[in-house]
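Hi everyone, thanks for coming.

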Amino acid sequence: LAAQSPQAVTRAAATITQADVRRRIMLIADDSMKGRDTPSPELEMTARYIASEMQKWDKVVKASGAKVD
């Protein structure tokens, strides 16, 4: 974030909605994850979900041409 302008950070933050955050938290907190014991298949499933979301965000950032350290 240090390499990004304050305007770029403000624009990025504006794309985060309450509904989106809620959806992601509810998915991770859902009973289908069975508490995510360590180790467990559910913990691995949650880790894969988070990794997948981060890969999507990385593609968006790269497509925008933003510099990220």
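From the N terminus on, the elements run α-α-α. That's three helices and zero strands, where helices are DSSP runs of H or I with at least four residues, strands are E runs of at least two, and the numbering goes from the N terminus. Keep in mind that this is a predicted model: local features need pLDDT of at least 70, side-chain atom pairs count only at pLDDT 80 or more, and totals for chains, interfaces and linings use all residues. Residues are numbered from 1 along each chain as its sequence is written, and side-chain values use heavy atoms, with hydrogens and water left out.

Now, how much of the chain is buried? Of its 69 residues, 13% count as buried, meaning under 20% relative accessible area with a 1.4 Å probe, protein chains only. The accessible surface comes to about 5800 Å², and 62% of that belongs to carbon and sulfur atoms; these areas come from the Shrake-Rupley method with a 1.4 Å probe.

Let's go to helix α3, residues 41-64. It has 24 residues and reaches 35 Å from its first C-alpha to its last, close to the 34 Å expected at 1.5 Å a residue; the expected span is 1.5 Å times one less than the number of residues. Which residues of α3 are buried? Those are Glu42, Thr46, Tyr49 and Glu53. In general, an α-helix has 3.6 residues a turn, so residues three or four places apart point the same way. The cover over the buried residues of α3 includes α2. After α3 comes Gly65, with a positive phi near 80 degrees.

Technical notes
Buried < 20%, exposed > 50% of the residue type's maximum accessible area, 1.4 Å probe, protein only. Contact = heavy atoms within 4.5 Å.
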